[in-house]
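Q: Could you walk me through how to read a sheet and a helix pair in a structure like this one?

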Amino acid sequence: MNRRVFWILAAAVVSLALLAWVLFGPGRHAITRQDMVEGDAIPTPTPAPEQRVMLLFPGSDGLLHPELRSVPLPAEVHEKVRTVVLEVLAGPTGNLQPVVPWTAELTAVFIDHEGTAFIDLTAPPKPLTGSHNELMLAYGLVDSILLNCPSLTSIQILFGGHEIPTLTGHLDFSRPLVLNKRFIAS
Amino acid sequence: MIDPAGTHMRKVLIASIIFLLGASLLPAQVDLHTVEFQYAGRGVLVPKLGTRIEVIPILALIGAGAEYSRAAGTYVVAYGEKRLQFTPGHKLVMVDGKLLDTMDAPVPSPGGVAASLDFIDRSLLGPLGFRLDPIPQGYRIVPGARFAEPVTVRAAAADFAATTTLVLTLDRAVIAEAESTEDGGIVVHFDDASPRLDPGTLLRSRRVRSLTSNGREILIETGADIGLLNWHNLDDPPRVILELGRVYPTPTPAPARVVERSGPPPIVIDPGHGGKDTGAVARTGLNERDLTMSVARYLSAELRARGHAVRLTREDGEGRALTDRTAIANRLEAKIFVSLHANSSTFSSVKGAETYYMSLDDQATDEAAAATAKLENEAGASSDGRSDLDLILWDLAQASALNESAGLAVAVQTRLNALLDLRDRGVKQAPFVVLTGATMPAILVEVGFLSNPTEASRLGSAEHQQALARAIATGIEAFLSEP
Ligand SMILES: [Zn+2]
């Protein structure tokens, strides 16, 4: 047993010596030290400039109608999408109807490398009906986003963190939707 | 005999040595602001900015010259015959005139430009023929790229009724194999080559979510229940052809009846909703499920009287998955598919009938047309346009099937407009689930709004339902008699 203890201590001493040599001993290589740099500088936030955005809301003729609004519009595309969606969710100011007929929150925005934005909304509290309501919701959001964020190509709407096949049993929500101007009043 | 106490002590001893030697590997973390890089017997302490490391001293260490072009905003690295360009803020590196996409972007820094270790290893040192090996103090730069020579991969997809053909065109011959992953995705392995997706690739498919290059693999994320059916390689140009489609059967509420056809191709009528799904409901209590069944029966009688074979997708009270309804029409080789619905709006004033057909989005059609024109101009100039041209022709063939649906939609809506004295409602395109994958002219007819009180009461009358059925039947006949 004594012999074992001796060997343990010996090994520990050797290891510590090795450690010290590696840490503080002269390197085998000449070292040149560059100026030290602190971590990433924190950029000062600058308020986004106010811009006119065009938001689409359903009208009494069953078509989407534009409403122009001046809002601070960030240049960064995630923030831009968020701003547009929040403005749509806030609802129309005039005689138009809300695009999303329940109190929905925007819980996430993802953008892939092909320019598809995925927006996640809180799920409807009770089932909706009618392809018309489904189309107004889909293209009210999709067209509003795409008209204000030209760098994006398509939008997929998720509900409650999930991809859904359809909302009222008509429109395909399982894939991204592209700009569809056929539902906008001319 | 083994002494258990002695065995235990030996374990403790080995653990202590491992611990102490392990601790000796930590010095790289002692200085949080620099990392040492070694190359050919020389070393340099390179400043760190968060997770990124200054790039210029590392390039200088291997003897590569890096110059910043203020006008272009890019760094040009020269090493022997190799020329490499990268731009702070951009996930792209140009190696000898070829664009490679990178996982992250380098950033401007006090020393000029800083990048992640992965970027330095894969996107800068790799193309120059080096790799990073971790050592206790930091990293040693050694010859031999970690990642094999890049191969540029251009992806194109063509969606068909039930399957999608995904074509990966490679810029050089490489052994590549595809297989399904456990989590339902697909992976393509490249032998001794690191695939880089052509940054210009814009993939449009309803079954392919995304393509990602990772090391020697391309990961393909597919839609729900979509998987790899089969794959094969083609030469000249080197390609990997993947056939994707539904891999798990969709559970259906009722055991699927064996739908077999006897006699001429039928017109398939789909009464919308069904079972527990009532669809839209009017204040009067009339619901979409029952209304569409009633109109479907009148339409069926009307068409039979005119000499057509007719099949319905569901019986009274029966539910049916949306995809099964289209599948029935496809299996019966129907000449026409008509899905009947009644609408609902939050505005009670909205009224009228509408006819929809599937949308192949404008942008995709425009892109296909532009790509065709480009390929036609380049015809003969390159052999590798052939596969793309085939794909585009397939896409255009799909578009022509949609043109037939458009013709049917116009024929039906014209009669509905005349019946209902409508002017402003008409034919529209939208990606409806029940029309997806139909291989025949297919439309969805919304016969009216149950949310409009006047229209709802009219929709409840048998005479109006018969009039709607007659108008739709006349539209169908007009379409079928078109040359
Ligand atoms: Zn419906």
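A: Gladly! Let's start with pairing: two strands pair if DSSP finds at least two bridges between them. Keep in mind that this is a predicted model.

Q: With that in hand, what is the order of the strands in the open sheet of chain B?
A: The order is β23-β22-β24-β27-β25-β26 in chain B, 6 strands with mixed pairing.

Q: Which are the edge strands?
A: An edge strand pairs on one side only, and here that describes β23 (310-312) and β26 (427-429) of chain B. From one strand to the next, the twist averages 25 degrees.

Q: How many bridges join β25 of chain B to β26(B)?
A: There are 3 bridges between β25 (residues 354-357) of chain B and β26(B), and the two run parallel. To find your place, look for Y356(B), which stands opposite K428(B) in β26(B).

Q: Which strands does helix α5 of chain B lie across?
A: Helix α5 (residues 288-305) of chain B lies across β22 (267-271), β23, β24 (336-343) and β27 (442-449) of chain B. Relative to β24(B), helix α5 runs at about 145 degrees.

Q: And how are two packed helices described?
A: By the angle between their axes and the distance between the axes. Take α2 (residues 77-90) and α3 (residues 131-148) of chain A: their axes come within 10 Å and cross at roughly 140 degrees. The crossing is right-handed.

Q: Which residues of α2(A) and α3(A) make the contact?
A: On α2(A) they are K80(A), V81(A), V84(A), V85(A) and V88(A); on α3(A), L141(A), S144(A), I145(A) and N148(A). By class, the contact has 6 nonpolar, 2 polar and 1 charged.

Definitions and conventions: Residues numbered from 1 in each chain as written. Chains lettered and ligands numbered in written order. Predicted model: local features only at pLDDT ≥ 70, side-chain atom pairs only at ≥ 80, totals over all residues. Heavy atoms only, no water. Helix = DSSP H or I, 4+ residues; strand = E, 2+ residues; numbered from the N terminus. Axes fitted to C-alpha atoms, helices over the stretch in contact; angles between N-to-C directions. Contact = heavy atoms within 4.5 Å. Left-handed = near helix turned anticlockwise from the far one by under 90°. Nonpolar A, V, L, I, M, F, W, Y, C, P; charged D, E, K, R; others polar.
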